[in-house]
Amino acid sequence: MTSAKQLLPLICISLLLGACATSSSNKQFVVVPPSESQMEGSVKDQVSLTLNAFTPVAGQALPNNSVLEAYKARGYDPMWIKGKKINLSIYKLVDILEQSYTHGLNPIHYHTNIIKEYLALKSPTPQQLAEMDVITTIALTSYAHDLSNGRYEPLLIDPNWQLDAPNNNWKDLLYLDSATDMVNSLPLLAPRSPQYQVLQKWLVYYQDLAAKEKDIFVNAGVPLSAGDEGPRVAQLRARLVQLGDIRFSTRKVNEEQFDLPLKEALIRFQQRHHITADGAAGSKTIEMLNVPLKTRAKQIAYNLERWRWLPSELEANRIWVDLTNYTVDMYLNGEHTSMKAVIGKPDRKTPVFKGLMTYMVTNPTWRVPHRISRENLLPKLQADPNYLVKHGYKVYSSWSIGAKELDSTKINWKAISEDKLAFRFEQEPDEGNALGQYKFMFPNKNEIYLHDTPAKHLFREEDRAFSSGCVRLENPVEFAREITKGSKQFIEMSDSLKKGSNTVITLPTYIPVYLVYFTVVPNANGMLEFRNDIYERDALMEEAMGYSPIRARDSI
């Protein structure tokens, strides 16, 4: 291993160091070796000391251990000084870190001011140079990790959020040949989804707009509609221009007249905010119009972080359960098919996670989950002891395989409390079965699956959070056909439906299933949709991602 005395002559910068922070010249700045008496520390010592000073806090995944491993692998050579020359990519890195807000990240986490203070020193000591090298590497590594995997641990923010797909690409960055290669590779770590890239551009737009302009708000009052005139109409028009729903035009218009183009622009706004698209500015529409630009920028930032929790590249064939859009999208064999879905109620949230669909069941028996038995069935039985008979249920003495079937009409249901309910309930396959004719399985600890439903009327609703957690499909026949198309399983499925038999069918190809939750997404036109936060998850993101400085005397 290289000794500190051999290392540190390489890491002392000349008096020109302060000048290179502001110079745009391509000159290389030569390091002047210090004398032995000036050597007060080493990179090796500084790694341990500085990593302890920058200990990660709860909920933030800072990869400090990777910094230690990288320095060990390099024999504790400095990363930012080679051949007695400072690598000028350190200044490019500072610029990138200062622009991290364009990804919804907070530059305060990447120590840019500290790095710049070291770079501004006219006569740094060897210890200061070692500190600068290590802190800069910590900043690079933290940003690389956060850009690739997300800064925050999703389960610490929301226990119902179980989708986190970290990768190690960011670690590879530390083992590239030079600091220049490291810095130049940073942008490649961001998620590659086109949706992420569009969201990021809109974030910058909202951030810049909020910095340059004041919000244009529409005053409260009576609803505005086509044909109306007045200053509130002018406010409405100006706000839609500010938000991008009306393109800037040199065409002269009467700003205070509610004309047809204004109505069409308002309909576009309403559609992308998932409110009734009637072209009139009622109280709900005005409320949406008046959400501040800074608030919208924060919402976009929350969703960029959610994208970073997903795999950097998604499978070409996948099932995409879009909870905030109440839809299920199939991306199979180069084709995209979408259908409406019903998801869990707010008090029975459908969790966010990834599964692998491996089989389906035709004419399924519904074995009622214990929670639904306690909370749904028991109250109905206490009100009507014949409820199970009327709706095709059987009741068994326990959850064991050989449990005895019981006569539900002879049980005193009123004498049974929720915490004492130990029976197993099953609903036989028929047209009234809660699962309908199909159940699509991707085994998971949440006991969540996709299925048919007899309650077809719910698909006529705009907001479709009605289930106990599982996802109901508008068109399960089409779904079953798509996942078995061209295989012998398709024939097996068709035969079982004709016979009315309860049949388990293994899928010809296992399919990844994503249950995702985004409150801001780009639509087909590249504009942003701001969706209803049905599970109130944005508030949890705000609490985790918000930053406010504390006073020194308030610290521990």
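Which residue forms a salt bridge with Glu426? Let's find out in the close-ups below. This is a predicted model, in which local features need pLDDT of at least 70 and side-chain atom pairs count only at pLDDT 80 or more, while totals for chains, interfaces and linings use all residues. Residues are numbered from 1 along each chain as its sequence is written, and side-chain values use heavy atoms, leaving out hydrogens and water.

**View 1. Glu426 pairs with Arg367 in a salt bridge.** A salt bridge here is a side-chain nitrogen of Lys or Arg within 4 Å of a carboxyl oxygen of Asp or Glu. The closest N and O atoms of Glu426 and Arg367 are 2.9 Å apart. Glu426 sits in strand β10 (residues 424-427) and Arg367 in strand β7 (residues 366-367), so the pair links distant parts of the chain, 59 residues apart. Strands (E, at least two residues) and helices (H or I, at least four) are DSSP runs, numbered from the N terminus.

**View 2. Arg537 and Asp158 meet in a salt bridge.** Their N to O distance is 2.8 Å. Arg537 lies in the loop between β17 and α20, and Asp158 in the loop between α8 and α9, so the pair ties together parts that are 379 residues apart in sequence. Arg537 counts as buried because its relative accessibility is 1%; buried means under 20% relative accessible area, exposed over 50%, and partly exposed in between (1.4 Å probe, protein chains only). Asp158, at 8%, is buried as well.

**View 3. The largest pocket has a volume of about 1,100 Å³.** A pocket is an open set of points on a 1 Å grid over the protein atoms alone, where a 1.4 Å probe fits, with protein on both sides within 12 Å along at least five of seven lines; lining residues have an atom within 4 Å of a point. The volume is the space filled by probe spheres set on the points, which are joined across faces, edges and corners. Of the 46 lining residues, His274, Thr324, Glu529, Phe530 and Arg531 lie nearest the centre. Helix α15 (residues 293-308) gives the largest share of the lining, six residues.
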